[in-house]
Amino acid sequence: MPGAPEFRPTYAVIETGAFARNIETITRSLPARSRLIAVLKANAYGHGATVLAWVCESKRVAMIATALLEEAITLRRVGITTPLLVLGPLDARGIATAMDEDITVGVTGPEELAAACEVAKDRDVDIHLKFDSGMGRLGLIESELQQAAEMIRATPRLKLEAVYTHFASADDNDTFTRRQIENFDRMREAGIDAPLHHLANSAATLRGIVREGDYVRCGIALFGPGASAPTDPVMTWRSAIARLKTLPANHAIGYGTTYHTKRESRIATIPVGYADGYSRRLSNNGDVIVRGLRAPIVGRVSMDFVTIDVTDIDGAAVGDEVTLLGDGITADEIAARIDTIPYEVFCNVSARVPRIFR
Ligand SMILES: *Cc1c(COP(=O)(O)O)cnc(C)c1O
């Protein structure tokens with residue numbers, strides 16, 4: 001993780017206080033005995049997992065989940081003691097390493113379960129077992145349950161702490177989600193169950209599709225993507241005007257000359273580009289904030305620079321702060337402009353952008 005910006009004034013401020021409030025907001029909305037598993041995979045959706053994990057103490061969250069074992073080990077290495085869950089998949093070597101590091105494994109299929117049972121021949125192995133209730137990606141399907149149940153029964157040192165599933169369309173299709181819940185319940189009744197269940201992602205949690213006592217696995221909602229969540233943004237991405245010039249009408253701007261000034265224009269160059277994760281699809285298709293006002297991106301986003309039109313922003317000057325994300329520009333807005341989801345907007349903010357934690 002790079003430190004404070006040294007020479008280039010482009011950086012992301014990460015508000016740990018907003019992240020803590022978002023945890024509270026979600027936790028307060030949960031039914032009795034339900035708890036939050038904070039999903040901090042992919043460097044906490046680009047926000048900085050090793051710092052935000054410190055906000056996730058055991059009194060606040062039940063567990064922190066990551067996608068990769070590497071990500072979970074990184075958290076252990078910096079001293080995080082909160083229970084950790086790796087969503088996987090892993091092979092036997094990964095499972096044994098996870099146990100060495102006191103990391104729970106989310107088992108996603110029969111091969112992985114067999115590997116976990118192998119490791120559990122001579123040590124305790126803690127797992128959460130995933131069912132595929134309809135998404136068709138990870139998890140055991142119904143025809144695999146009987147053999148899985150036999151494997152579990154034959155392995156006394158395999159500790160099945162939870163069974164879980166993942167929703168495919170929790171943001172827009174409650175009917176499909178309800179059917180997934182029915183499938184999940186039927187799979188449990190078919191012979192594999194555990195004291196704890198967790199089903200809901202952020203979308204299902206925000207829609208109140210959580211049963212009493214079930215845990216929830218929330219990622220995106222913790223980062224305040226915009227109108228799609230009642231939580232606050234955590235990341236503000238800023239830069240500054242590096243070059244400012246007045247150009248005559250009908251002057252080309254940027255690679256491919258995709259924009260021509262319509263009038264005499266004040267054109268500012270910002271030292272941020274697609275190498276920083278500022279999507280090239282924002283070319284001629286986005287705004288930034290300068291002096292509290294929106295300024296449009298004109299011309300192509302290039303690897304290291306963006307050009308904006310500040311003709312209508314009184315007093316705009318070299319050195320002025322520029323907000324790329326935040327101050328009213330949400331990840332939801334950018335995602336809509338470039339036909340993706342806020343997850344990708346956050347994850348794309350590259351390692352070249354220093355994160356400053358407040
Ligand atoms: C990423 C992930 C989540 C979190 O999803 P959000 O939509 O960000 O809340 C939950 N569960 C699993 C299995 C995941 O992979």
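This is a predicted model: local features need pLDDT of at least 70, side-chain atom pairs count only at pLDDT 80 or more; totals for chains, interfaces and linings use all residues.

Trainee: How does the lining of the second largest pocket split by class?
Mentor: Five nonpolar, four polar and two charged residues. Ala, Val, Leu, Ile, Met, Phe, Trp, Tyr, Cys and Pro count as nonpolar, Asp, Glu, Lys and Arg as charged, and the others, Gly among them, as polar.

Trainee: Which residues line the second largest pocket?
Mentor: Among them are Tyr-255, Tyr-274, Arg-300, Asp-304 and Phe-305. A pocket is an open set of points on a 1 Å grid over the protein atoms alone, where a 1.4 Å probe fits, with protein on both sides within 12 Å along at least five of seven lines; lining residues have an atom within 4 Å of a point.

Trainee: What volume does that second largest pocket have?
Mentor: About 150 Å³. The volume is the space filled by probe spheres set on the points, which are joined across faces, edges and corners.

Trainee: And the largest pocket, what's its volume?
Mentor: About 770 Å³. It has 33 lining residues, and the closest to its centre are His-166, Asn-201, Ser-202, Ile-220 and Tyr-343. By class, its lining has 19 nonpolar, seven polar and seven charged residues.

Trainee: Which element gives the largest share of that lining?
Mentor: H9, with three residues. H2, helix H9 (202-206) and helix H11 (342-348) each supply at least two. Helices (H or I, at least four residues) and strands (E, at least two) are DSSP runs, numbered from the N terminus.

Trainee: Where does the ligand sit?
Mentor: In the largest pocket; the test is that more than half of its atoms lie within 2 Å of the grid points. Helix H2 (41-45) and strand S9 (215-218) are the elements that give two or more residues to the shell around the ligand.

Trainee: How many residues surround the ligand?
Mentor: 13, and the closest are Lys-41, Tyr-45, Ser-202, Arg-217 and Tyr-343. Near means a heavy atom within 4 Å. The shell divides into six nonpolar, four polar and three charged residues.

Trainee: What about polar contacts?
Mentor: The term means N or O pairs within 3.5 Å. A ligand oxygen is 2.5 Å from a side-chain N or O atom of Ser-202. For Lys-41, the side-chain distance is 2.7 Å. Gly-219 uses a polar backbone atom, at 2.9 Å from a ligand oxygen.

Trainee: New topic. Which residues does a cis peptide bond join?
Mentor: Gly-88 and Pro-89, with omega about 5°. Pro-89 lies in the loop between strand S4 (84-86) and helix H5 (92-100).

Trainee: And what is phi of Asn-43?
Mentor: Near 55°, a positive value in a residue other than glycine. Asn-43 lies in helix H2.

Note on methods. Residues are numbered from 1 along each chain as its sequence is written. Side-chain values use heavy atoms; hydrogens and water are left out. A polar contact is a pair of N or O atoms within 3.5 Å; within protein, one must be able to donate a hydrogen and the other to accept it, and residues adjacent in sequence count only if both atoms are side-chain atoms.
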